[in-house]
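We will go from one stop to the next, and at each one you can pick out a few residues and look around.

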Amino acid sequence: MDNDDETYILLLLADSNLPTGSFVASAGLESYITHGFLSKNSTIIDFVRDSLATYAHTALPFVSDAHSVISTYADAKGDDNIDDVVRNLVTLDDLYEAMTLNHVARRASKAQGIALLTLYARGFSRPPSLSQGVEEEIRTQEARLSKLLDKYKLLIRREEAPGHLPICWGVLTGALELTLGQPSPVFLVHHKYIIISFFLPHLSERSQYLHLFLHARSLLSASVRLNDIGPYGAQQLLLHAVRPLVAAEALKCRDLRTGELPGDKENFDQTTNGPASTWPLGEIIAARHDLQHSRIFNS
């Protein structure tokens, strides 16, 4: 896939109208505000920064490994190993389920995950009416990937796999041929919290970068709905404050892996290679958020 094709897919994935539910996820921001953590010395950017750091360390290893599983399968010929591929995805899924301590976070992650797989089947797969003139090799490849994703989605529907968002994001972007790799340094950025060598996302790193950007955007969207900031303020933060935060976390976590895939267990240091443990305060806030809104819903 050339750079223009990949850029166009990224535009589609970043569309707020994409039917995945990610745009309304708040990661406990309501509870964070209700409990008075936002003050003169703490802003929405503090919450975004901490939430990004937590989410990047816990989610990106799974995004990367799931992407690797799909890319390896796509490069192979035939469907002989499809059961092994699905088994590897379920292994990653089960580990993420065990690491996600709060049940509201689990529920939101699984709802968005299955939505991504449905999106591929209904929104990104090539319709038969547009298959004429497409090379046989491409049609075969697309059919193999559709078969794999359908098999994995069926396990999720049967509740034999959780279907968490990071794994499904890696699966989707791997099937769409967004690749993983190394970024390239561009220039220095000065920020309130950090001064870093800024790394623009190379086309080979866009899957990870976009995943973190969408997480940050969903937090600012929730802040707008809560009337903490306005729509114009949210766009200012996305342009001037969120970008270096996303770039910094993507850079720090780009090489983290779960260590659960075949061949990764040897010489794997969980402290160095990840994934990291969850953010305790974030878990507490998410739990309080769920309790509050469960009471409102049930009253």
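Start by selecting His211, which you will find in helix 8 (residues 206–225); helices here are DSSP runs of H or I with at least four residues, strands are runs of E with at least two, and both are numbered from the N terminus. A word on what you are looking at: this is a predicted model, in which local features need pLDDT of at least 70 and side-chain atom pairs count only at pLDDT 80 or more, while totals for chains, interfaces and linings use all residues. Residues are numbered from 1 along each chain as its sequence is written, and side-chain values use heavy atoms, with hydrogens and water left out.

Is His211 buried or exposed? His211 is buried, at a relative accessible area of 4% (buried means under 20%, exposed over 50%, partly exposed in between, with a 1.4 Å probe and protein chains only). Now show its surroundings: leaving aside neighbours within four places in sequence, His211 is in contact with Tyr55, Leu60, Val63, Leu165, Pro166 and Trp169, where contact means heavy atoms within 4.5 Å.

Next, select Phe62 and Tyr96. They form the 1 aromatic pair that a search of the whole structure finds. Their ring centres are 5.0 Å apart and their planes stand at 80°, so the pair is edge-to-face (centres within 6.5 Å make a pair; planes under 30 degrees apart are stacked, over 60 edge-to-face, the rest tilted). This pair links distant parts of the chain, with Phe62 in helix 3 (residues 44–75) and Tyr96 in helix 4 (residues 82–99), 34 residues apart. Phe62 is buried at 0% relative accessible area, and Tyr96 is buried at 7%.

Then bring up Tyr73 and Arg144. The charged end of Arg144 sits over the ring of Tyr73, 4.2 Å from the ring centre; the cut-offs are NZ of Lys or CZ of Arg within 6 Å of the centre and within 35 degrees of the ring normal.

Move on to helix 5 (residues 103–124), whose 22 residues reach 30 Å from first C-alpha to last, close to the 32 Å expected at 1.5 Å a residue (1.5 Å times one less than the number of residues). Where does helix 5 bend? Helix 5 bends by about 30° at Thr118, and Thr118 is one of its buried residues. The bend is the angle between axes fitted to the seven residues ending there and the seven starting there.

Finally, zoom out: the chain has 11 helices and 2 strands, and 48% of its 299 residues count as buried.

How values were computed
Phe/Tyr/Trp six-rings, centres within 6.5 Å; stacked < 30°, edge-to-face > 60°.
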